[in-house]
Amino acid sequence: MYQRLLTRRYLTSKVMPLLAALAVVLCTAMVLISWSVMGGFLKNLMESGRTLIGDVSINWPNAGFAHYEDLIQRLEAHPEIDAASPMIETAGMLALPGDRLVRVIVRGIDGPSYAAVTTYEDTLYWQPLEEPLPKDDARRDWRLENHTRWQRTFNNGLTLTEPDPATGEPRPAVVIGIETSGYNFRQPAGFIIPGIPLVPGADGVMGQLPIFLPDEKVTLHVLPIDSSGRGIEMVTRILPVANEFRSGLYEIDKQTVLVNLRALQSMLNMDEARRVIEDPTEDLSAADPFALGGDEADPNFEPIQRVEIDPARVTDIVVLGRQDDARLTQQYVLDVYTEFAAAHPDVPRADAIFIKTWEDQNATMIAAVKKETALVLFIFSFISLTAVFLVLAIFWAMVSEKTRDVGILRAIGASRTGIAWLWLRYGLAIGVVGSIFGLALAYTIVYNINTIHDWMGVALGISIWDPAVYYFTEIPSRVNHLHAAIIGLGGMLASTLGALWPALRAARMNPVRALRFE
Amino acid sequence: MTTTPPILSARDVHKTYRLGKVRVPVLRGAHLDVHKGEAVAILGASGSGKSTLLHILGALDTPDRTPSSQDIRFEGTSLSSLSERQRNTYRANRVGFVFQFYHLLPELSVLDNVRVGAMVALGLNYRAKRPEVTNHAAALLDQFGLGHRLTHRPAELSGGERQRVAIARALINKPDLLLADEPTGNLDRETGNSILDALEDLRARTAQTLVMVTHDPAVAARADRVVSLADGQVVEAGPAPAPAPPAETAHEPPPGRQRKTRRPPPQRDDARSTR
């Protein structure tokens, strides 16, 4: 009981314990802030990574697989699967206005069904914007004005078509990643202004070219591949740009072009094809050899013909599950595909096809960011170990200062264990106080980190998180309560640990010498 | 001399301190018997080992184990046979220490300084007995003229008041034996006398057994019996001598936060017994 009384009195009557508590406050706050920002960054990145690929994808690269419409029907009939959409992925080259040629990943998508599986709609950049972005105080974002135009651009992007100026009929179009062209410039407020870059002209002189891609056309080159994986002949097509997209993942936005599925199927020879087979030898073994076939020298000769239909193919089906657990969805997809493959002998077998979750597909990136987060956390936690030594040093000095108190308590019957507990409890109390205030400080800072950052920019000219550099407009400002609890407990433990050695020292003191201490 | 067995007996107590490589013998076979209700003064010069003897009697320190040494027994129980925990209990419940420099806990109020002794002794049971302990502590402090100082800190008290608080703390667990180490050594004569009067008053009321260490024959004279300690041995034992005339050597601690007690010193009991 005396420990409780003395802990309270010592806490409120000395400067040194306040310094120790301050050390715990700062270390706790530092670790939680860094974990929250890095964790938020990771979460944003993972959410962005999921944006354009759904929960699970079925993939058979190069030649693709047929009967995909039947597969989609089967998938959507499953109670745990929400939607599925066909997709083709291939490599290509994109010639941009201004004679810029970029290597791209070409994805053929069916806009409406793709939007049902992914958040494609939200990624279309050029669409009406009601409220300015948080940092766009001057309302300089183009999308805030002229909503009719942006609505039209948005619809074009959604369907990956654009009306033909002559006939008004929809014609296939592309939607380009916002970073792909290099003609868009992110502003400090987070929005994008189409650029007027300096480009070399035919005469070699650098010139300026006003370019806004949704008003332009691009030339897409792709290489069809036959079923054996060999390239056939480069196919080139000029396509209008319907819109641009921004997924939030730089690597995706930098090198991806979305193309109308039908157009890409056509370019890659993956659309439905009728095949006429001529086989003069066919049915020659029939009963009446004279009734069929004929003399090739006869001008009226007609070889036996047979028409076969090659069904359209795609390389991917992206699937959205009804449950959050992508692994479960993956299992359901596998079950459906197994039945599908059994019904269609000409598609890849179920044990050969690639069925991956969105996490599998982004595994490298997620692992890298997770490692980075863990590294930052480790470094800050290691730095926070200084709190242990700071508490130790302060407690060492305090135990020295309170040597006589120890002697007095021993003289009135306090045990060594009781004395040790007095100091451990004191350390724990400092840890509790420090952790509570540290967590409160961290919560306050994280929840207001963007306001603080903006203030630093205005008042001190310091801009650490520049949206023109980082891909997210704002600094992540979410605190994981479990992480906060872990850090709080860690702060308490660290403080108690720091008090351990001084506590043992106090407990081992000779009471007579302690009483004579001056 | 009383014929009842002593409450405390020390036989052939040795204690040697080590100062670097030098061994300094402090006690060299000290003997002492203290009977219940008796006030014994241990008189000795500075460095004669009287405080060491007091600490050993209170189980705050341990005597050397020598082939000839016997033991210190409290109510027949050997202190050396006690475990660490039992020694703590002995210090908490059976003896009360009063020190020359008061040794109060500066962060605690007067009341808490007294109650802390009960907190140590009762442990978790203190919570249940807190009202009872508080009343007892307040009553003790009131007896020593400090009823109006309960919430004050030690720094706000005079030397005499601090020593009274220290005595109240020593008495909170109703110990069998009060061990006072130069209780007036840090006080002027007048304040010292008031402390001695307070102890005498206490003894008159409760027959408290007291062992007091002092270098001052006048202080020793207030005890029932005086033993002298010289060269680490009890060289003389007998009834208390007549009080010496007041000396001019004692001094009051620096003025400022020191205040003299407002309570008149308790009346001395001139009929105290000598044995």
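Select the residues lining the largest cavity and colour them by type: you get 8 nonpolar, 3 polar and 2 charged. For that colouring, Ala, Val, Leu, Ile, Met, Phe, Trp, Tyr, Cys and Pro count as nonpolar, Asp, Glu, Lys and Arg as charged, and the others, Gly among them, as polar. Before you go on, keep in mind that this is a predicted model, where local features need pLDDT of at least 70 and side-chain atom pairs count only at pLDDT 80 or more, while totals for chains, interfaces and linings use all residues. Residues are numbered from 1 along each chain as its sequence is written, chains are lettered from A in the order in which they are written, and side-chain values use heavy atoms, with hydrogens and water left out.

**Largest cavity**

A cavity here is a set of points, on a 1 Å grid over the protein atoms alone, where a 1.4 Å probe fits but cannot get out; lining residues have an atom within 4 Å of a point. Grid points are joined across faces, edges and corners, and a volume is the space filled by probe spheres set on the points. The structure holds 3 cavities of 30 Å³ or more, and the largest has a volume of about 80 Å³. To centre your view on it, pick A:I412, B:V95, B:G96, B:R169 and B:A170, the closest to its centre of the 13 lining residues.

Now show the cartoon of chain B. There α2 (84–94), β6 (95–98) and α5 (159–171) each supply at least two residues of this lining, with β6(B) giving the most, 3 residues. Helices (H or I, at least four residues) and strands (E, at least two) are DSSP runs, numbered from the N terminus.

**Second largest cavity**

Next, select B:L196, B:L199, B:E200, B:R203, B:L210, B:M212, B:R222 and B:A223, which line the second largest cavity. The elements giving two or more residues to this lining are α6 (189–206) and β8 (209–214) of chain B; α6(B) gives the most, with 4. The cavity's volume is about 60 Å³, and its lining splits into 5 nonpolar, no polar and 3 charged residues.

**Where the chains meet**

Zoom out and select the contacts (heavy atoms within 4.5 Å): 25 residues of chain A touch 29 of chain B. The two chains bury about 2,400 Å² between them, 64% of it on carbon and sulfur atoms; buried area is the accessible area (1.4 Å probe) that two parts lose on being put together, summed over both. In chain A, highlight A:M1, A:I408 and A:I412, which lose the most area to chain B, together 26% of what that side buries.

Last stop: the salt bridges (a side-chain nitrogen of Lys or Arg within 4 Å of a carboxyl oxygen of Asp or Glu). There are 4 between chain A and chain B.

Definitions and conventions. 1 Å grid on protein atoms, 1.4 Å probe; cavity = no way out; pocket = protein on both sides within 12 Å on 5 of 7 lines; lining within 4 Å.
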